[in-house]
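Please read the points below alongside the sequence and the coordinates. They are set out by topic, as notes for a colleague.

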Amino acid sequence: MSVDTTAVEKKSLFTPFNIIATIILIAGAIVTVMRFTGGLGAVTNLDQNNPWGIWIGFDLMCGVALAAGGYTTSAACYVFGLKKYHSAVRPAILTAFLGYALVVFALHYDVGQPWRLTYPLFVQNGTTSLLFEVGLCVFLYLTVLFIEFTPALFEWLGMTKIRNIVVKLTLALTIMGVVLSTLHQSSLGALFTIAPSKLHPLWYSQYLPVFFFVSSICAGLSMVIFEGTLSHKPMHHLMDEEYLNNHDGLILGFGKAASLVLFGYFSIKVIGLAYDNNWHYLTTGYGAWYLVEMLGFVALPSFLYAIGVRDKNITVIKWAAGLTVLGIIVNRFNISMVAFNYQLPSAERYWPSWGEITISLFVVTIGVLVFRFISTRMPIFHEHPDYKEEH
Amino acid sequence: MLRRTFLGLLGAAGASVALPVSAKAGGKSFGPHPDTLGVLFDATRCIGCRKCELACNEVNELPAPDKKFDDLSVLDTKRRTDEKTLTVVNKYESSKGSVFRKMQCNHCLEPACASACFVKAFKKEHNGPVSYDASVCVGCRYCMVACPFEIPAYEYDEPLTPRVMKCTMCAPRLAEGKLPGCVERCPKEALTFGLRKDLIKIARARITTYPDRYVDHIYGETEMGGTSWMYISGVPFSEIGMREDLGTKSAPELTAGALAAVPIVVGMWPVLLGGIYAVSKRKDKIANDERVAAVKDALTRAGEEAEKKLHDELSKADVANQRRIEVEVKKAVEEALAPKEEEAETNEEES
Ligand code: SF4
Ligand code: SF4
């Protein structure tokens, strides 16, 4: 622990952030005890018709989508050879690693017998299940992300030899990361292809895997911009010249890509709509909400991104990124909760309980705290002095 | 070399996913096993007495219900199966008056629950029942998401060993040669137990003999790829709470496309990405080569120029030198001559 970080902590022990974080952590601990002593029923609003709530809809679905910055950034940098994005790789990898680790952590609350979470891999493989694919990929990708993250750790610990070995693996790891991400980002969408009778036709499609994959790229690009913006202020003193110099260029580049991919996503969604001939649903209540999602959270940010890039207006791009991130959450919520079980009367529909919301906040808070802990100590936003000028 | 090992591992991971899929995709229409048993429910015969519910409760040793089984007032509210009730009879007001319909697990021929479970806790037995093995269940509840008939229920209030609960078709009783509890107890023979293929014949015979009494459809013959438990009714099935929009595709067919994409992604992506990497690397290399060439070029050009300049300078210097030498020589000559003239002059003066 270096001197200046302790100084910072001492100065800001009673910041609003710390106070709120503490409250959430305490509440989370209480709900945790309730969950593991009273069962799922004690803290959730789940029931026989609604087996999945926000712990799947938010913690898993959104968590995985928003962690997509890891594979998009490292692919851009190492596979597509866009070296100028190099400075963004470490923060993105760290975010992705923490994101996935938290997804797995949160799953321990949701599944009935978390101590059996490894059964699908090591006891009996349910290979016909898309959930098996999700589980296998998340498990492998979490490992890959951890290895990709370790150079920062080894640099911090001063373990040069092993650090250099891991760095040599970068390309292989990146390609594995992209393959695994492609698979499980899309298989999360594919999970719902088994239930055409339960998911509203405007959201159900045989193309769900493709939709999920393409939108995860939008999510990844936008999260890198969005998160860069968030960490900019509190982490500014840790960011080195290279990071800061490249920051605006990176935002422009990612903004441009996001604009294009969002546009592509919009197009394939329309193709999906046309293919299933679902136009007539657009005039219903669900149709209106579908249009809000498509126009407000896909078309609009795509357009904003384009304007921002054309005018080199970083502020507009940042707003577009925020909107896209929100849009991804809206989309994953729609598929896992809003449009799911649409045929049930409203009295039988799901609404999250306070316990569930508390745990979701708890998980996010832990993520932010760990991110802060690591990025204030290890070379994330700056290069380690010993390894400069290497790439 | 390391890269190859990694991709090999990845390929193996992909193959483990891919193998059973291709096996499945290769022969998806085996049809039901010839010995598959089932039950036929005839909604025109059911009187809503709830005797089947009682039998099920006893056979499976389930906890006592809130209201006794002879209390028929529960029929006024819609119910579904839950962790304490594996079968339920509901009353529906239809175009032909009150109709009762029993519901329980339909023991699908290609069950959505089994295809969804990532630990294979569900299994379609050859003789009909879809069995459940609580000792491996993780409790992800994807089976509940997947089942199109909304049957599996979960023990949400069980902290340590929650199970998925659903009708077992009384598999233990079948093994002893007994009838399922509900079938045995039904006073009106609304339930008929037998080989599935025979049940279809019976159902068809009833429909053809009494065309006015039945709608011409055996629910479960093809729905979601077919079920072991089937229904005939005097009113359209949608009027007794059964979805008629499920289609005939079974759950494995619905997800086959997504699963089939796995080996393709595992096989193609590394190649594509490797290609893109090679291209970008090559672009870098070309750019680099060009840069090196340009520098060299510039250097040679600079060198040539320098040489020329030197040469020029030299020749210029030559000229200048020449001139300077000439001047010097001239000066020297002049100087050498001068004293003589002086001498001559003095000599002239002296003489
Ligand atoms: S009815 Fe549902 S629970 Fe029963 S076998 Fe079919 S999919 Fe499984
Ligand atoms: S809850 Fe149990 S039985 Fe159902 S899919 Fe998950 S692991 Fe399988």
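1. In chain B, among contacts between residues at least 6 apart in sequence, 60% join residues at least 24 apart. The model is a predicted one, and the remarks here should be read with that in mind. Chain B has 351 residues, of which 40% count as buried. Its secondary structure comes to eight helices and nine strands.

2. Leaving aside neighbours within four places in sequence, B:Phe100 is in contact with B:Phe41, B:Ala43, B:Cys46, B:Ile47, B:Gly48, B:Leu75, B:Val89, B:Asn90 and B:Lys91. B:Leu179 lies 79 residues from B:Phe100 in sequence, and the two C-alpha atoms are 22 Å apart in space.

3. Helix α2 of chain B spans residues 51-59, and its buried residues include B:Cys52, B:Glu53, B:Ala55, B:Cys56 and B:Asn57. What covers the buried residues of α2(B)? The cover includes strands β2 (88-94) and β3 (97-103), together with helix α6 (181-185), of chain B. After α2(B) comes B:Glu61, with a positive phi near 50°.

4. In chain A, helix α5 is mostly covered, with 10 of its 11 residues buried. These buried residues are A:Gly69, A:Gly70, A:Tyr71, A:Thr72, A:Thr73, A:Ser74, A:Ala75, A:Ala76, A:Cys77 and A:Val79. A:Gly81 follows α5(A) and has a positive phi, near 70°.

5. On the nonpolar cores: the largest has 178 residues. Those with the most contacts inside it come from chain A, namely A:Phe149, A:Leu191, A:Phe192 and A:Leu199, and from chain B, namely B:Tyr142 and B:Trp229.

6. How many residues of chain A are in contact with chain B? The count is 71 residues of chain A, in contact with 65 residues of chain B. About 5,900 Å² is buried between the two chains, and carbon and sulfur atoms give 65% of that area. On the chain A side, A:Gln48, A:Thr128 and A:Ile194 lose the most area to chain B, together 13% of what that side buries.

7. Rolling a probe the size of a water molecule over the atoms shows where empty space is left. In this model there are 10 cavities of 30 Å³ or more, and the largest cavity holds about 150 Å³ of space. Its lining is made up of 19 residues, with A:Ala88, A:Pro91, A:Val224, A:Glu227 and A:Gly228 nearest the centre.

8. Which helices of chain A supply at least two residues each to the lining of the largest cavity? They are α5 (69-79), α6 (86-110), α11 (208-235) and α12 (241-275). The largest share, six residues, comes from α6(A). By class, the lining has 12 nonpolar, six polar and one charged residues. Helix α5(A), one of the contributors to this lining, is the mostly covered helix of point 4.

Conventions:
Residues numbered from 1 in each chain as written. Chains lettered and ligands numbered in written order. Predicted model: local features only at pLDDT ≥ 70, side-chain atom pairs only at ≥ 80, totals over all residues. Heavy atoms only, no water. Core = buried A, V, L, I, M, F, W, Y, C linked by side-chain atoms within 4.5 Å. Buried < 20%, exposed > 50% of the residue type's maximum accessible area, 1.4 Å probe, protein only. 1 Å grid on protein atoms, 1.4 Å probe; cavity = no way out; pocket = protein on both sides within 12 Å on 5 of 7 lines; lining within 4 Å. Points joined across faces, edges and corners; volume = space filled by probe spheres on them. Helix = DSSP H or I, 4+ residues; strand = E, 2+ residues; numbered from the N terminus. Nonpolar A, V, L, I, M, F, W, Y, C, P; charged D, E, K, R; others polar. Contact = heavy atoms within 4.5 Å. Buried area = accessible area lost by both parts, 1.4 Å probe.
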